[in-house]
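Trainee: Could we go through a structure together, step by step? I would like to learn how to read one.

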Amino acid sequence: MADSSAPQFRRAVVALSGGRTDRPIVALAAEVAKLSHAELVGVHVVEIDWTLPLDADVAGRSEDAQRVLDIAEATAEASRYRLETVLLQARDVGAAIVDEASERSADMIICGLPFRRRFGGDFAIGGTVPYILKNAPCAVWVVREAMPKEQA
Amino acid sequence: MFVLVVGGGKVGYYLAKELIDSGHECVLMEKDRARADTIRDEIGSVVIAQDGCEGKYLREAGANRADIVAAVTGDDEDNLVICQMSKHHFDVPRTIARVNNPKNERLFRHLGVDEIISPTRMILGSIEQDIPVHELLHLAALGEGELEIIEAHLQPGSPAIGRVATDLRVPSGCSLFGVIRNGAPTPLRSDTILAEGDKVIAIGRPDCEVELRQQLIGEQQDQ
């Protein structure tokens with residue numbers, strides 16, 4: 001029986017950055033998705049700078065990008081849940097994630113946020129997560145990794 | 001078509017917006033970060049918050065593959081630099097510059113800017129057409145600006161009234177080719193006698209203007 005206190009969703013887009021937060025958020029998403037048999041879509045976006053046309057064949061040739069998807073699928077399998085993976089290329093990661101969530105009528109976006117400091121000073125949240133928080137039409141979970149012990 | 005717009009003022013903003021709405025690929029460069037953020041909120045992730053006068057940022061913005069670079073900042077010097085770098089470093093096929101000071105138009109053309117847009121000149125031309133002054137009106141610039149079409153409205157006191165058009169001492173580099181009389185255009189013939197109220201249309205170099213003014217308008221009466 002599903003835990004009624006857990007936030008549930010029908011379809012979630014899991015934003016895969018290729019960083020160290022991918023495994024924990026996929027595992028978390030899989031555990032929560034099991035409760036309502038929700039659909040999980042892992043999306044990795046290869047950002048194309050303006051020196052190249054948007055349809056340049058970059059993502060398809062990228063072994064790194066494929067590895068990001070493979071790791072996410074393996075993590076979901078380890079949790080015994082299916083994760084569909086999608087590879088996109090876009091000018092802006094945040095906008096691509098939001099667009100993909102909208103197109104798929106997702107009711108949740110799950111993204112990870114590594115703990116980083118700008119030049120060793122203030123916490124740096126970057127540009128992608130604020131964009132998603134500001135523009136996503138659906139609910140958003142941001143899973144920030146723990147602060148390193150020496151900085152806590 | 002990929003258009004690189006440099007300058008995120010009103011002109012740049014609306015230009016980029018219209019281009020995107022028309023289905024063109026467009027990127028806008030604006031060096032003021034706050035302004036760039038505002039525009040990004042309005043039209044999406046096509047804004048680069050960098051100075052388009054610097055080559056490395058032009059490169060980042062994709063100048064290497066731009067079909068057109070439009071430099072529309074409020075600063076003529078910046079617009080000239082942007083167009084020259086685009087043309088000579090990135091081989092952009094077409095450069096368009098906004099020129100705020102009409103005195104800079106010739107310099108821009110001389111330095112290879114493909115197309116210049118002078119809002120000041122446009123507004124000035126519009127004002128001139130609406131005011132019945134004893135002045136020559138600049139109707140249009142031709143080619144690279146070395147020729148212009150001029151209209152002279154013959155008012156009482158004009159030395160040309162009552163004279164045959166071909167008898168006028170038209171300066172070299174200038175030619176009279178038509179007259180608008182009572183709203184109807186007619187070609188100038190050897191027997192056309194100019195009359196009060198005629199609008200004489202001439203084509204010529206800008207440096208002929210002073211002599212042409214003396215022939216058709218007479219001495220300036222407003223000064």
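Mentor: Here are some questions and answers about the two chains.
This is a predicted model, where local features need pLDDT of at least 70, side-chain atom pairs count only at pLDDT 80 or more, and totals for chains, interfaces and linings use all residues. Residues are numbered from 1 along each chain as its sequence is written, while chains are lettered from A and ligands numbered from 1 in the order in which they are written.

Trainee: Which pattern does chain A follow along the sequence?

Mentor: Let's start with the elements, which are DSSP runs numbered from the N terminus: helices (H or I, at least four residues) and strands (E, at least two). Chain A has 4 helices and 5 strands. Read along the sequence, they give β-α-β-α-β-α-β-α-β.

Trainee: What radius of gyration does chain A have?

Mentor: The radius of gyration is taken over C-alpha atoms, and the globule rule is 2.2 Å times the number of residues to the power 0.38. For 152 residues, a compact globule would have a value near 15 Å, and chain A agrees with this. Its C-alpha atoms fill a box of roughly 50 × 40 × 30 Å along the principal axes. The radius of gyration of chain A is 16 Å.

Trainee: In E2(A), which residue is the bridge partner of Ala15(A)?

Mentor: Two strands pair if DSSP finds at least two bridges between them. Strand E1 (residues 11-16) and strand E2 (residues 39-47) of chain A pair in the parallel sense over 6 bridges. In E2(A), the partner of Ala15(A) is Val43(A).

Trainee: Through which helix does the chain cross from E1(A) to E2(A)?

Mentor: This β-α-β crossover is right-handed: with the strands pointing away from the viewer, the path from the first strand over the helix to the second runs clockwise. The helix on the way covers residues 22-36 of chain A, and its name is H1.

Trainee: Which residue in E3(A) stands opposite Glu47(A)?

Mentor: E2(A) and strand E3 (residues 84-90) of chain A pair in the parallel sense over 7 bridges. In E3(A), the residue opposite Glu47(A) is Ala90(A).

Trainee: How is the radius of gyration of chain B related to the globule rule?

Mentor: Chain B has 7 helices and 11 strands. For its 223 residues the globule rule gives 17 Å, and chain B is well over that, so it is more spread out than a compact globule: its value is 22 Å.

Trainee: What distance separates the centres of domain 1 and domain 2 of chain B?

Mentor: The domain bounds come from an automatic or database domain assignment. Chain B is divided into domain 1 (2-117) and domain 2 (132-216). Taken over C-alpha atoms, their centres are separated by 38 Å.

Trainee: Which strands stand at the edges of the open sheet in chain B?

Mentor: This open sheet of 6 strands has the order E3-E2-E1-E4-E5-E6, with parallel pairing. Each edge strand has a single partner strand, so one side of each is left without a neighbour in the sheet; the two are E3 (47-48) and E6 (115-117) of chain B.

Trainee: What percentage of the residues of chain B count as buried?

Mentor: A residue is buried if 20 or more other C-beta atoms lie within 10 Å of its own, exposed if 12 or fewer, and partly exposed in between, with C-beta atoms placed from the backbone. In chain A, buried residues make up 30% of the 152 residues. Of the 223 residues of chain B, the buried share is 34%.
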